[in-house]
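Subject: Structure handover

Hello,

Here is the structure we talked about. Please open it next to this message, and read my notes below as you go.

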Amino acid sequence: MKVTIREWNAVAAWRWDMPDDDVCGICRNPYDSTCSKCKFPGDECPLLLGECNHSFHMKHCILSWLKQESSLEKCPMCRQPFKSKGQDATSAGAEQPLQAPDSSPI
Amino acid sequence: MSSADSGTLKRKHSVSTQQKLSFTAQQKPNSTATAALSPTSKRARRESSPQEAATSSIMSTADMYSFPSKRSSVPNGKEIVDITSSPDNSPAKPRNGMMRKTAPSMGVNAGPKRLMVKNFRPVRKVDPKDFLDQTWQKIEAALNTIFRQGEIDFSLEELYRGVENLCRQNMARDVKERLVKKCKEYVGGALKAKVKESLGRTNVDVLRATLQAWSTWHDQVQYLDWIFCYLDRSYLLPRHESLRDISIGLFRTIVFEHAKLNPRIVDGACDLVAADRTGGELDSDMFKKTVGMFHDMNVYTQHFEPRLLELSQEYVMNWADAESDQKSLPEYVRSARALMDREMQRADLYRLPNTTKRDLLTLLEDHLISRKEERLTNQDEFADLLEANAVEDLELLYSLLERRRLGNKLRPGFTKWIEDEGTAIVFDEKEQENMVIQLLTLKRQLDSFWKVSFHRDDELGHGLRESFELFMNKTKKTSASWGTDNSKTGEMIAKYVDMLLRGGAKAIPAQLSRRASTKVDIAEAEEDIEDAIYDEDTEVNSQLDQVLDLFRFVHGKAVFEAFYKKDLARRLLMGRSASADAERSMLSRLKTECGAGFTANLEQMFRDIELSREEMASYKMICEERGQKQSLDLNVNILSASSWPTYPTVPVIIPSEIKSAIDKFEAHYKSKHSGRKLELKHALAHCQIKAKFPKGNKELVVSSFQAIVLLLFNNRPADEHIDYNYLKEATGLPPAELNRTLQSLACAKLRPLTKHPKGRDINPSDTFTLNSSFSDPKYRIKINTVQLKETAAENKETHERVAADRNYETQAAIVRILKARKRISHAELVAETIKATRNRGTLEVSGIKRNIDRLIEKEFLEREDDGLYAYIA
C-alpha cells in the first residue's frame with residue numbers, strides 16, 4: 001500500500017494582521033469587515049495602523065477624520081498626532097500607500 | 001253599379017291627361033299643387049257635404065280625379081273656370097255626392113265658352129241596398145262552401161269584383177259587418193264544436209284538436225283573403241285593420257280564449273314540454289305548430305309564456321332538490337349543466353323568442369345555482385374534487401357558478417384545502433426531504449386548477465397565493481428546527497436548490513421533470529409549446545424558476561439565505577457545481593428577487609474564488625520562473641472571512657510535505673498582501689491521492705482528513721492493525737471529526753479500510769487494517785461525500801444563528817422605533833416592531849417581549865410609571 005498526494009486543495013481565510021482583534025474606533029465595525037460605506041472587505045477597504053498602535057479603516061474612517069480641521073491631525077483615540085506606522089503595515093493595496101502620506105502629517 | 005260607374009265615367013270624360021291614378025286614398029302627393037290653387041275650396045266642399053265625410057276614402061278618390069283637370073286646365077287659359085276652386089260661384093252649394101258629380105258641366109256652362117261633353121251617359125238608377133244584398137248572396141253561398149270545406153264551384157274573380165264594387169259603392173262597412181258576422185257564426189259554431197269534442201280527453205288532445213281547427217281555419221281564411229282582398233286593402237287598411245287580424249282575432253276570442261278551452265290548450269302545450277323533460281317523445285312537429293299558432297294569435301307572451309315558465313319553475317325546482325339530494329357534487333354539476341343545455345337547445349330548436357329563453361335561463365340559474373349555492377360550494381365535496389385532481393369537473397363547477405358570478409364563492413373552500421394540504425406537507429416530519437418536491441407538485445396542481453378549471457379567476461388567484469403564503473410561513477417549534485421557530489420551508493428550498501445546482505438536470509426528481517409530466521398539465525402545454533425542445537440548461541432553469549416561485553412565498557428569507565450560503569460555499573470550495581452558468585443565473589434571480597443587499601455576500605464568494613484562482617496562477621508562474629519544482633499541485637482558496645459562513649478551525653496535524661508547501665505559499669501571500677494573515681481551514685480542504693491497492697492502482701478524491709488518515713497506512717503491510725488511539729494521536733483530530741472520517745473510510749459504500757470488529761459505529765477500542773480486496777470498476781473514485789454532507793450539529797448551528805440574528809434584528813428595530821417615538825405603549829411597540837420586521841418573517845409576540853426585556857436590561861429603554869416605554873439616550 002502506497003499513498004501519494006497528487007493535489008491538495010486547501011482553503012484559507014485571510015484577516016488583517018492586527019495586534020488586537022477589535023473594532024475600528026470610528027465606525028465600530030470589526031476590522032475584518034468593511035467600514036459602513038464600503039461593500040467588500042479586503043483591498044477595497046484597507047486598514048491604516050498608526051504609530052500609536054491604533055488602527056482604523058482607512059478610506060472612509062481615519063482619512064476623512066484627518067481631513068477635518070478640528071481633528072488637528074490627531075488620533076481620535078489617544079489625541080497624539082496621527083502618523084502611519086511604516087509602509088509595510090499600513091495597507092495592502094498599491095495606491096493606498098501613496099495616498100496615506102499625503103494626508104498624514106510628516 | 002251606379003255611383004261607382006259614374007265615377008269612372010266622369011274620369012274618362014273630364015280628365016284628358018290622366019297621369020296619376022291611384023285607389024289608395026292616402027296617396028295625395030299631387031295635392032300640393034292643388035293646395036296652392038284652392039286651399040279653401042276643398043275644405044269648404046268637405047264641410048258642405050257632411051255625409052261624405054264619413055266615407056272619406058271615396059271622397060278623396062274623387063278629389064284625386066279632379067286634380068289633373070285643374071292642372072291641365074290652368075295653362076289652357078283663364079277663361080276656363082276651375083270647377084273645384086269655385087264652389088262659391090256655383091249656385092248649388094249644399095249638394096250630395098251624386099249632385100256634385102254633375103257639377104262640372106254646370107260650372108262649365110256658366111263659363112263663357114261652351115263645352116260639349118261627349119258620350120255622356122246618364123246615371124243608372126240601381127238601389128245600392130239591392131245591389132248589396134244581391135252580391136252578398138253570392139258571396140255568402142261561397143262562404144258556406146268554404147266553411148263546409150266543400151268543392152270550390154264558384155269564380156273567385158267574380159266574387160272579388162263583387163266585393164270591389166260594393167266597396168266602391170260605399171258599402172264596405174256593410175260588407176265587413178256581414179263578413180264578420182258570418183265568420184263569427186262559423187267559428188263559434190262548427191269550429192268550436194269540433195274542439196270542444198275533445199274536452200273530455202287529455203290536454204294534449206285538446207291542443208291537437210285546436211291545432212286541427214286552427215289549420216282548417218287558416219286554410220279557409222286564405223279564401224276569404226282572396227275574395228275580400230279589395231275590402232282589406234281599401235277599407236280595412238286605412239283603419240289599421242286587416243282581414244287577417246280579424247280572422248285570427250275571431251279564432252282567438254271564440255276558441256282560444258274560451259274559458260274552458262284556454263287552460264287546456266295552454267297546458268297541452270306545456271305538457272308537451274313536460275313530456276320531453278321527463279324523457280318522453282316530444283312531438284316536435286306538433287310543438288312547432290303550437291308555438292307558431294300562439295305567435296300568430298299573439299297570445300304567446302300573454303298566455304303561453306307565463307304558464308310555461310310557471311310549470312318550468314316547478315319542474316326545475318323539484319329537479320334541483322331531488323338531484324342535489326341524491327347525487328354527488330360533480331354528478332349534480334354535470335346533470336345541471338346537461339339540463340340547461342337541453343332547455344336551451346329546445347328553446348333554440350323551436351325558435352322560442354329570446355325573452356322566453358332569457359327568462360328560462362334566469363329561472364334555471366336561479367334554481368340550479370343561486371338556490372343551490374350552498375350545496376355547490378360545499379367545502380367537503382369541493383375538497384374531494386380537488387383531492388381527486390378532477391380538473392374537468394372543477395371547470396364545470398366553476399363555469400356553472402360563474403353564470404351567476406358566484407365563482408368566487410369557491411374561494412373559502414379552495415383556500416382551506418390549500419392550507420390543509422400545504423400545512424400537512426410542511427409539518428410532515430418524515431417526508432421532510434421531499435417537502436419541496438411535494439410543494440412543487442402541489443403548486444403545479446393548483447396552478448392548473450386555476451388556469452384550466454377556474455379560468456384564471458382573479459379572486460381565486462388571490463386566494464391561492466394568499467393561502468399558499470400562509471402555510472408556507474407557518475412555523476412550529478419542532479425538533480426539526482432545533483427548537484427555534486425558523487421556517488422549515490426556507491431551509492428545504494435552499495437544500496433543493498443546492499441539489500439542483502450540484503446534480504444538474506439529472507437531479508431533477510422524476511415526478512417534476514417536464515418530460516414525465518407533459519401530459520399532466522394541459523395549461524402548461526398550452527403555454528410552453530415553444531420550448532418543447534428541452535435541453536438540460538433550460539430544464540434546470542425552469543426548475544429553478546419553479547422553486548423560486550415557492551421562495552417568493554416565504555417571508556423569512558434569512559433561513560434560506562443562511563442555508564443557501566452554506567451550500568454555495570460547499571459547492572464552490574469542493575468544485576461541485578454542475579454548471580457555473582446555472583449558479584450565475586440563480587444568483588441573478590435572487591438579486592432581482594431580494595435585492596442587491598441579499599446577494600452581496602454571495603457575489604463576494606464568487607469573487608473570492610475567482611481571485612484565488614488568479615492568485616494561484618501567478619504563484620505557480622513565479623515558482624516556475626524560480627525553477628522550483630512542485631512536488632504536489634497546491635491550490636488554495638482564499639476567502640474573505642466576513643462573506644463566507646463561519647467555519648470552526650479544526651486542529652489537525654498536517655503531513656510535513658504538505659505543510660511546507662502551504663507555508664511557502666503563505667509566505668508568498670503575506671509578502672504580496674501586507675497586513676494580512678491566513679487562517680487555514682483544513683476541514684474544508686480536499687485532495688486527490690494516488691493509491692496502490694493490491695488489486696490495482698486507483699485515484700481517490702478524498703477530504704483532507706481522509707487523506708491524512710490514509711497516509712498513516714503508507715508502507716504498512718496489509719494485515720497490520722492500527723488502533724484508534726494511535727490514529728487519534730497521529731492526526732491530532734478531535735474525536736468527533738476522527739470518528740466521522742473513519743466511518744467514511746471503513747463503513748461507507750466504498751471501503752479502503754477495514755474496521756475490526758465490524759459495525760457501523762466507531763469505538764475507541766477498534767482497530768483498522770487496509771482493505772486488501774478494495775476494488776472498483778472506475779479508476780477515479782470520489783469518497784469525500786462525507787465532507788459535503790451537512791451534519792446535524794451544523795444544521796443546528798445554522799438554525800440557532802438565524803434565530804439569534806433575528807433577535808438582534810428585532811432589538812435593532814425596537815431601538816429604531818423608540819428613537820423615533822421617544823415614548824410608546826407596549827401594544828403599539830409590538831405592532832410597530834412586527835411591521836418593521838415583516839419582510840424577515842413574522843415574529844411572535846412573546847419573542848418581541850423577550851427582546852424588549854433584554855433591551856431594558858441593557859438599559860436602552862426603561863419602563864415609566866404610566867406603563868409606557870421610554871428611550872434612554
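A contact here means heavy atoms within 4.5 Å. On that basis, the contact between the chains takes 27 residues from chain A and 49 residues from chain B. Please keep in mind that this is a predicted model.

**The interface**

About 3900 Å² is buried between chain A and chain B. Carbon and sulfur atoms give 55% of that area. Polar contacts do occur: the count is 15 residue pairs between chain A and chain B, with both residues at pLDDT 80 or more. Which element of chain A gives the most to the side that touches chain B? Strand β1 of chain A, residues 2-16, does, with 15 residues. By class, that side of chain A has 13 nonpolar, 5 polar and 9 charged residues.

**Strand pairing between the chains**

β1(A) pairs with two strands of chain B. With β3(B), residues 686-693, the strands run antiparallel and are joined by 7 bridges. With β1(B), the strands run parallel and are joined by 8 bridges. In β3(B), A:Asn9 stands opposite B:His686. In β1(B), the bridge partner of A:Asn9 is B:Asn635.

**Chain A by itself**

Chain A has 3 helices and 3 strands. Along the sequence the pattern is β-β-β-α-α-α. Of its 106 residues, 47% are buried. Take the contacts in chain A between residues at least 6 apart in sequence: 48% of them join residues at least 24 apart.

**Salt bridges**

The structure holds 51 salt bridges over all chains. These examples come from chain B.

- B:Lys327 and B:Glu323 form a salt bridge, with the closest N and O atoms 2.9 Å apart. B:Lys327 is partly exposed at 28% relative accessible area, whereas B:Glu323 is buried at 11%.
- B:Arg403 meets B:Glu365 at 3.3 Å, N to O. This pair links distant parts of the chain, 38 residues apart. B:Arg403 sits in the loop between α20 and α21, and B:Glu365 in helix α17. B:Arg403 is partly exposed at 36%; B:Glu365 is buried at 10%.
- B:Arg502 meets B:Asp498 at 3.0 Å, N to O. Both lie in helix α24, 4 residues apart, about one turn of the helix. B:Asp498 has 7% relative accessibility, which is under 20%, so B:Asp498 counts as buried. B:Arg502 is partly exposed at 36%.
- B:Glu157, B:Arg161, B:Glu164 and B:Arg168 are linked in a network of salt bridges.

**Two buried residues in chain B**

B:Asn262 lies in helix α13, residues 261-277. B:Asn262 is buried, at 14% relative accessibility. Its side chain makes a polar contact of 3.5 Å with the side chain of B:His303. Leaving out residues up to four places away in sequence, B:Asn262 touches B:Phe256, B:Glu257 and B:His303.

B:Ile817 lies in helix α36, residues 792-821, and is buried at 10%. Leaving out residues up to four places away in sequence, B:Ile817 touches B:Ile824, B:Leu829, B:Glu832, B:Thr833 and B:Ala836. B:Glu832 is 15 residues from B:Ile817 along the chain, with their C-alpha atoms separated by 7.4 Å.

Best wishes

Notes. Residues numbered from 1 in each chain as written. Chains lettered and ligands numbered in written order. Predicted model: local features only at pLDDT ≥ 70, side-chain atom pairs only at ≥ 80, totals over all residues. Heavy atoms only, no water. Buried area = accessible area lost by both parts, 1.4 Å probe. Polar contact = N/O pair within 3.5 Å; in protein donor to acceptor, adjacent residues only side chain to side chain. Nonpolar A, V, L, I, M, F, W, Y, C, P; charged D, E, K, R; others polar. Pairing = 2+ DSSP bridges. Buried < 20%, exposed > 50% of the residue type's maximum accessible area, 1.4 Å probe, protein only. Salt bridge = Lys/Arg side-chain N within 4 Å of Asp/Glu carboxyl O.
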